[in-house]
Amino acid sequence: MSIHREKLKIVVVGHVDHGKSTVIGRLLYDTKSVAEGKIERVKKVCKEKGKPFEYAYLLDAFEEEQKQGITIDTTQLQFFTKKRDYVIIDAPGHKEFLKNMISGAANAEAALLIIDAKEGVQEQSKRHGYILSLLGIQKIYVIVNKMDLIDYSEERFTTIKQEMNEFLNSLHVYPLKYIPISAFYGENLTSKSDYMPWYKEEPILEAIDLIEKDKGLEDKPLRFPIQDVYKFDHRRIIAGRIESGTIHVGDEILISPSNKKTKVKSIEYYQEKDKTDFAVAGKSVGITVEDEFFNKRGAFISHCENRPIVDHVFRANLFWMGKNVLVKDKKYKLKISTQEVECEILVINKVIDATNLIISEDASEVRTNDVADVTIKTKEDISFDEFKHNQNTGRFVLVEGYDVCGGGIISKLEKGIEAVSKFVGEEVDFKVQAFDEYYFVLDENTVKRSVRYKEVFSLGDAVPTVGESYEYPPSIDFIDLEQSRVAEIRKSILNKVIRLKDYIFEAQQIFDSNGFYVNVTTKDDYINWQKDYERVINGDLLEVDYANKWLDFEKYRKISYRSTLNKTLDYMI
Amino acid sequence: MDHLDQLEAQSIYILREAYKKFGKLGMLWSIGKDSTVLLWLAKKAFFGHSPFPFIHVDTTHKIPEMIEYRDKIAKEFDLDLIVHINEEALKAGMGPHEGRLNCCKALKTDGLQQVVTKYEFEGLILGIRRDEEGSRSKERVFSERNKDSEWDYTNQPPELWDQFKTDFPKGNHIRVHPILHWNEIDIWAYIERENIPLVDLYFARDGKRYRSLGCAPCTGKIDSNAITIAEIIEELKHTTQSERAGRAQDQEDAYAMQKLRKDGYM
């Protein structure tokens with residue numbers, strides 16, 4: 001039943017044992033969406049175990065699931081009503097299998113949140129509600145199941161409704177309906193229940209037909225992340241999926257982050273019948289362009305007037321599913337659309353206990369199954385959108401080792417803070433951290449480095465050569481061998497920012513981008529310093545030996561005392 | 001985009017991810033309708049090229065028409081086809097008389113494992129679908145197997161937003177399932193729309209047809225008069241039988257497929 005019909009994906013979530021699999025099993029059974037063979041098999045299994053027919057076994061196919069009576073992994077099954085087709089996704093309710101719940105829910109467009117009428121709102125009811133809000137799923141029905149156990153009481157139903165509504169509303173989630181049911185006895189599933197005449201609205205099956213599908217991805221700005229570039233024959237084809245918007249042959253397009261512009265020459269096809277001069281969101285296409293410069297996976301194609309954000313620091317809400325805790329100062333792999341980049345957590349702004357919304361502001365780690373608000377810095381610039389503007393290009397996963405361990409949505413570009421200030425010259429930029437402060441924090445008995453808020457210095461700007469814990473001479477050269485950049489400071493004014501190859505050493509005092517004095521006084525020193533740096537890069541010299549030989553922390557810097565840290569600032573150890 | 005366009009686009013995206021991520025990639029082609037749709041999707045994804053080999057694990061018990069059709073299509077599509085037979089097991093006398101599950105394990109699972117080892121595949125593309133059977137409904141799109149092809153189905157990794165599992169220890173491989181989200185009717189509607197060549201066995205002759213193809217001794221026909229795709233689709237809309245009801249090995253045990261698949265079966 002699926003030709004030219006609408007299809008909606010619904011996930012069923014909720015606390016363990018509140019009856020998710022039973023609701024789905026029953027819906028499948030009552031709409032005759034399961035083959036007799038499958039029903040026969042479940043009957044056989046139940047009979048062998050001496051149990052009544054278990055609707056949940058229609059989904060919980062694993063032997064372990066049936067034996068333990070819990071859902072371990074998510075299942076996707078299809079069923080249909082007169083109106084349209086459904087993919088119904090069963091998600092485990094047990095805390096231990098939260099990652100499987102998220103895998104299931106991440107694919108859904110709408111959700112049924114099941115609550116046991118007798119047990120009421122429980123830990124996973126709330127956590128799942130929170131995760132739905134994080135995943136951007138707004139179309140939610142709350143299903144109050146097992147009404148038979150509370151004698152179909154309207155009062156109890158109203159209490160649960162109020163409690164859950166209060167919680168969800170505080171997350172800006174507004175359920176469309178609350179439906180009282182008994183899945184086991186089939187009350188309010190496919191037809192209205194005689195036991196609950198006080199409930200005037202539709203039973204589940206009719207209610208889900210009322211959920212409207214999100215529309216309009218094709219009307220959003222064009223986002224076409226490059227997936228691959230093929231050169232199988234004379235054509236150089238840029239392949240990928242259009243995540244939003246529409247692309248036409250002849251369109252002028254911009255490629256981010258390289259900022260190159262070109263025009264769409266053709267949309268390629270396998271068979272003549274698929275020939276077209278435009279393609280819309282969701283389509284996997286291949287295009288050729290007029291100027292054949294080097295394009296690679298991860299770059300974004302957009303129209304020139306409405307480009308993605310290109311930056312490397314952003315704020316995100318994430319859920320963590322890893323076995324290890326998520327910490328700062330550790331490298332993770334971030335995957336967003338077709339981009340992969342190394343990243344680190346710059347700031348853990350808040351960790352939220354998803355079950356009671358209690359916020360810890362000064363957390364140093366994010367534990368398994370926690371939700372957090374973090375600031376992430378990627379090693380290179382990436383292209384993205386804020387999630388509220390574009391779901392597909394505003395969400396990412398984090399990989400630790402071999403596994404996806406976290407998922408998140410980008411809440412905003414972080415303009416306020418950045419670990420790195422910048423010198424901006426006529427042609428080139430220079431990232432610099434020389435104006436950070438170092439403190440011995442008495443309360444914590446540790447040395448901490450305070451990151452200066454992002455500042456941009458242009459030519460002619462005054463530079464803070466004197467800080468609380470450092471005092472540089474007014475005329476110095478900052479040189480960073482990794483970036484191959486030099487910044488000349490004269491009388492505390494930024495005079496020049498140039499490439500290293502254009503620099504002529506004139507015995508000016510040299511500092512690196514961290515503000516460490518470099519022990520270079522002669523031309524020979526200058527050459528040997530660069531040679532040693534090359535040796536570090538090639539693995540012929542330890543970085544620590546290099547640093548001890550060439551860098552001098554104390555010459556123009558000291559460590560000041562501080563009693564405590566002001567929490568509005570961001571600190572890195 | 002209509003429903004079939006959406007299914008196709010998603011499958012092509014998955015195929016291209018697999019091609020990008022795995023140096024050594026192959027596609028299993030069982031000659032049935034699903035893996036033939038997959039073959040067609042690959043042609044579309046790569047604009048008429050097929051940049052990886054196709055593998056047929058031949059049990060030597062296949063229905064003869066299947067083999068004829070295989071060789072014809074391989075020639076027509078100019079496929080780089082690897083046909084592998086577990087000769088050792090056959091020499092040792094393996095066959096359905098040794099028990100259907102034992103036979104499947106030896107001639108298909110072990111046969112496949114031999115191919116993976118021999119060609120050092122990092123990625124294997126398979127045409128399984130969620131709606132076929134319980135353990136397949138729990139699958140991931142990119143599903144890891146260890147060096148012995150075993151599936152740790154109780155501890156599957158998260159898979160969200162089309163960010164698939166592409167990091168894994170050397171020696172393991174990834175089963176890639178590009179049509180996991182299709183159902184049986186989708187397959188037929190797509191075959192009709194794209195005019196994909198198919199083996200005749202699926203169409204009724206003398207009131208019977210095959211709904212699912214496998215080895216001759218373990219695959220039964222269903223009663224049917226459907227001789228066109230439209231008739232097959234109409235028949236499927238009203239059937240209450242499951243697709244693999246004619247596959248005898250599935251019926252051997254309540255958890256037969258889970259057990260076979262844990263060891264590396266397709």
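Residues are numbered from 1 along each chain as its sequence is written, while chains are lettered from A and ligands numbered from 1 in the order in which they are written. Because the model is predicted, local features need pLDDT of at least 70 and side-chain atom pairs count only at pLDDT 80 or more, whereas totals for chains, interfaces and linings use all residues, and side-chain values use heavy atoms, with hydrogens and water left out.

**Stop 1: the sheet of chain A**

Begin by selecting chain A, where six strands make an open sheet in the order 2-3-1-4-5-6 with mixed pairing. Helices (H or I, at least four residues) and strands (E, at least two) are DSSP runs numbered from the N terminus, and two strands pair if DSSP finds at least two bridges between them. At the edges are strand 2 (75-80) and strand 6 (177-180) of chain A, each of which pairs on one side only, and the twist averages 25 degrees from one strand to the next. Angles run from 0 to 180 degrees between N-to-C directions, with axes fitted as lines to C-alpha atoms, for helices over the stretch in contact.

Next, select strand 1 (residues 7-14) and strand 3 (residues 85-90) of chain A, which pair in the parallel sense over six bridges; A:Leu8 has A:Tyr86 in strand 3 as its bridge partner. Helix 6 (residues 154-170) of chain A packs on the sheet, where it touches strand 4 (110-116), strand 5 (139-145) and strand 6 of chain A; contact here means heavy atoms within 4.5 Å.

**Stop 2: two loops of chain A**

Select A:Tyr152, found in the loop between strand 5 and helix 6 of chain A, which has a positive phi of about 55 degrees although it is not a glycine. Then move to A:Pro257, in the loop between strand 11 (252-256) and strand 12 (260-267) of chain A, where a cis peptide bond with an omega of about 5 degrees joins A:Ser256 and A:Pro257.

**Stop 3: the sheet of chain B**

Turn to chain B, in which six strands form an open sheet in the order 3-2-1-4-6-5, again with mixed pairing. Its edge strands are strand 3 (81-84) and strand 5 (142-145) of chain B. Strand 5 runs antiparallel to strand 6 (residues 173-176) of chain B and is joined to it by four bridges, and B:Arg145 has B:His173 as its bridge partner in strand 6.

Now select B:Arg193 and B:Asp5, which form a salt bridge with the closest N and O atoms 2.9 Å apart; the term means a side-chain nitrogen of Lys or Arg within 4 Å of a carboxyl oxygen of Asp or Glu. B:Arg193 lies in helix 6 and B:Asp5 in helix 1 of chain B, so the pair ties together parts that are 188 residues apart in sequence.

**Stop 4: where the chains meet**

Finally, show both chains, and find the interface at which 67 residues of chain B are in contact with 78 residues of chain A. The two chains bury about 6200 Å² between them, 53% of it on carbon and sulfur atoms; buried area is the accessible area (1.4 Å probe) that two parts lose on being put together, summed over both. In chain B, the residues that lose the most area to chain A are B:Phe47, B:Lys138 and B:Trp161.

Nine salt bridges are found across this interface, and the side chains of B:Lys165 and A:Asp403 meet in a salt bridge at 2.6 Å, N to O.
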